[in-house]
Amino acid sequence: MPPTVAFATLATAHPMGQQVYEERVAALAPDAVGPEVQVRRTVVRTLRSPLPGTARLPARVLRDSSPLTRRAVGSVLYGRADVVHRAGLSLPPAAVPEIVTIHDTVAWRFPDETRPEPYAAAETRRAAAVVAVSQFSADDAAERLGLERVHVVPNGVGAEFLDPEPLGAAELLGLGVRGRFVLHAGGSTLRKNLEGLADAWPRVRSAHPDVQLVLSGPPSERRDRLFGPLDGALRVGRLPDAVLPRLMAAASAVVVPSLYEGFGLPALEAMGCRVPVVAATRSSLPEVCGGAGWLVEPDGAALAEGLVHVLGGGSDVAERVRAGRERAAEFTWERSAAGHAAVWRQVLGLGAGVNLPFHPAHR
């Protein structure tokens, strides 16, 4: 029998960037790791969850159980796997060698994120390998959790975000969009810095009265409260996966004002769509943008200045858009899957081969 890797994820009703990562890795890494390794997907859901999955656990096991209970549950949850890759810290630890993905440390930094996992430090220190999606998040996790080595395996850009056909005027009108617009796509927690964007928008609107601000994302009281009173701000809700890339491609700019991102997929996706990106010079965003975006301080004045400049056009805007498209092409999910497969093979003792597509960060 070939050795088995169980790739374990937690079912969620509101998929965001982390779930994009999970689905792409689960789909592509089995081919990347090779036929001598069997890959099995484990999708954990709570007892009452209507979501699809392969296993059910009481919610208290995921949130409030003791280390002993977590280890006991983990010893049976993943079947006869030789290695388990946990894509979320709340999942119980395995009894066999395991790999853990850490996207960020926002739970420890922002009060409106999920609660910090109480055993994260102890469990990740025992793991055979820890994976992070950017050098920033690798360094951050190493410092926060006391880790000595974290493998950096960046996210990718889906093909749907590489030169998609922009939404036409009639399709945009159906969303309430008329003419030029700036797009913000994503969540609305404190780290997303919607307050900074709301402060910036009246200044942008004053300089470019014809431009709308389009905000896409799940329903949010904070988004409604901040942008409902603002002239030219339009909330379009959560959009189908087939629509968002085309909406992004039709934008005159994409803004990512976040105070903290473990990776920052919207910035890279916008570059793939050949759209200028104005992003906060914080966390992983400078690393991801790589000089192809406009990096500014995350306050209203600086965000407005960056957006006003980009909306004004000019040769430097066109040059950075070209650079952004080239940079986006470097980040593929196939390359990310190969990086994960290399870590899996290494932990299985099969060797990872040469020219590993990830870079270990040492602390």
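**Aromatic pairs**

Modeller: Phe110 counts as buried, at 16% relative accessibility. Buried means under 20% relative accessible area, exposed over 50%, partly exposed in between (1.4 Å probe, protein chains only). This is a predicted model: local features need pLDDT of at least 70, side-chain atom pairs count only at pLDDT 80 or more, and totals for chains, interfaces and linings use all residues. Residues are numbered from 1 along each chain as its sequence is written, and side-chain values use heavy atoms, with hydrogens and water left out.

A search of the whole structure finds four aromatic pairs. Rings of Phe, Tyr and Trp (its six-membered ring) pair if their centres lie within 6.5 Å; planes under 30 degrees apart count as stacked, over 60 as edge-to-face and the rest as tilted.

Phe110 and Tyr260 pair edge-to-face, 6.4 Å centre to centre, with 75° between the planes. Phe110 lies in the loop between helix 4 (106-109) and helix 5 (120-126), Tyr260 in the loop between strand 11 (253-256) and helix 11 (265-272), so the pair ties together parts 150 residues apart in sequence. Helices (H or I, at least four residues) and strands (E, at least two) are DSSP runs, numbered from the N terminus. Tyr260 is buried, at 4% relative accessibility. Ring pairs link Phe110, Phe136 and Tyr260 into a cluster.

Phe263 and Phe331 also pair edge-to-face: 6.1 Å centre to centre, 70° between the planes. Phe263 lies in the loop between strand 11 and helix 11, Phe331 in the loop between helix 14 (315-330) and helix 15 (333-348), so this pair ties together parts 68 residues apart in sequence. Both Phe263 and Phe331 are buried.
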